[in-house]
Amino acid sequence: MEDIKLKLSVLPSEPGCYLMKDRHGIVIYVGKAKNLRNRVKSYFSGAHDEKTMRLVAEITDFDFIVTNSEVESLLLELNLIKKHYPRYNILLKDDKSYPFIKITKEEHPRLIVTRTVKPKTGTYFGPYPNAYSAHETKKLLDRIYPLRKCNTMPDKLCLYYHIGQCLGPCVYDVTQAQYKEMIDGITRFLNGDTKQIVGELKEKMQKASEDLEFEKAKEYRDLIGHVDATMNKQKMMSKDMTARDCFGFSVSKGWMAISVLLVRNGNLIEKKAEMFPVQDEIQEEFYRYIAQFYDLKSNLLPKEVHITEGLDREIIDEYLPVDVVQPKRGQKKEMVELANKNAEIALKNKFEIIEKDEARTIGAIESLGGILNIETPIRIEAFDNSNIQGVDPVSVMVSFIDGKPSKKDYRKYKIRTVDGPDDYASMAEAARRRYTRVLKEHLPLPDLIIVDGGIGHMNTVKSVLMDELSLDIPVAGLAKNEKHKTAELLYGDAAEIVPMKKNSQEFYLLQRIQDEVHRFAISFHRNTRSKTSVTSVLDDIKGVGPRRKQKLLSHFGSIKRMKEKDVGSFTDIGIPAPIAERILEKIKS
């Protein structure tokens, strides 16, 4: 969660798609957002339904792709879902796709709405995220351009001819010039040149209104609205089906980020991004990455590779056996610019994460040292105890170096010298064993010791350090409130409360340390109690010694499984019947 929180804090407030991943790196959910920062953050705060809670529990990482608009993110979401088939995406997981408007390549062409793309059979426009607007636009075009409507040519004129939406090619001759004029008009309209038609509709709406034909005026007004909605085109769709990869890069503070947008069948299907220190000329680094990118891939090269203007084409041409294009205008240039934008954001996020990470770690320990008036506590060691009414008492130590957990330095202690629930004596034993060994093996001493507890715990550890080991190490205590949350830091010879802002990075660091040492202690105690509870149950049974205990646990695996067996199951492995009866009687009670 610490890594996720850092990534959340530097997410851009841009439209785009996000990909949630589990601990295996598998994409388990894809979503779109008008504002990536707000949307992704919402998963990790507030109340959710059961499905979302299950999803969030599995998220260990996420990625994102910035788009130019919310509409683009909607279609990109569809493509990503079809690529990854995330198991938490239900609604779009099937083969449903967004519709296109198609002019068929037939002797008598038709205008249709379809979700299937077969480039050889016609010219496609779209796709349209709003299917209703697509159909309404077709209706509008049907009124203006009377192409054939029937799937199969009839032998007589139909209703469409009589209402002026078909030229009747089933009966009358329609020239190719007539068709070309209509197709050119439809093409201009669907490519965004709607000024002429919208102007005509407005004139008709005005005339209908003046003639008091308000229903007809409303119909024209609605059609204009549908035109505007439909013409919000999806820029991430290419009008051709050429497989192409668009590379963009950004350089800052000695690092380079490269973003690759993979376009297949006209769809942006994936983004890849990597960052690395710049060791060579920028162009050389960029081209070397592209060469390695395809070197390491097992799939086929795209037909085209698009890169930004201003780069030396001759160098890259030596690397790749494909067409290298530097788009100068239009949709293809926008895709390269989008790749550059994603690279720039990736690099910006990296440095923001570094800065925030340093603020919460290095900055936090520096501030903590200043507050306590000690040297910066680069190495902090914290202790906590765990027991239930004195049973199976344990103590643990966790280590934080530069404000981050150093798990290889964690230590566990089964308390040996304490009878009953004595928190002070348990902590004293753990501290004594820890620092006796540190001195013996010449290990690094901590700059600050933190005990989970109050003045009594602090004084106990101080006594061990100074009176027994002659060590002068600062010792602080962390007290909790009634909700068992970190409340205050205690420090000093007289152990007073240290004033500290609850929203400061140093306070957050103390919270992380206290939460971590408590988690580690509870986990160790639970495991210890589990093992000893199993052993103690078998220990109490007459006739069951160490060898039989081992044999029983090895064969049955657990006490729970033993409870499910009968006497015969025990005698089958060589346990005498009277002892088997005593075992069953004991464990079932």
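This is a predicted model: local features need pLDDT of at least 70, side-chain atom pairs count only at pLDDT 80 or more; totals for chains, interfaces and linings use all residues.
Trainee: What makes asparagine 373 exposed or buried?

Mentor: Exposed means over 50% relative accessible area, buried under 20%, and partly exposed in between (1.4 Å probe, protein chains only). Asparagine 373 has 70% relative accessibility, so asparagine 373 counts as exposed. Asparagine 373 sits in the loop between helix H13 (362-372) and strand S12 (379-388); helices (H or I, at least four residues) and strands (E, at least two) are DSSP runs, numbered from the N terminus.

Trainee: Why is alanine 495 called buried?

Mentor: Alanine 495 counts as buried because its relative accessibility is 11%. Its place is the loop between strand S18 (486-491) and strand S19 (496-498).

Trainee: What is the phi of alanine 495?

Mentor: Alanine 495 has a positive phi of about 50°, although it is not a glycine. Most residues other than glycine have a negative phi. Asparagine 373 also has a positive phi, near 60°.

Trainee: How do you know which residues of H14 meet H15?

Mentor: Contact means heavy atoms within 4.5 Å. Residues of H14 that meet H15 include Asp423, Tyr424 and Met427. By class, the contact of H14 with H15 has eight nonpolar, three polar and three charged residues: Ala, Val, Leu, Ile, Met, Phe, Trp, Tyr, Cys and Pro count as nonpolar, Asp, Glu, Lys and Arg as charged, and the others, Gly among them, as polar.

Note on methods: Residues are numbered from 1 along each chain as its sequence is written. Side-chain values use heavy atoms; hydrogens and water are left out.
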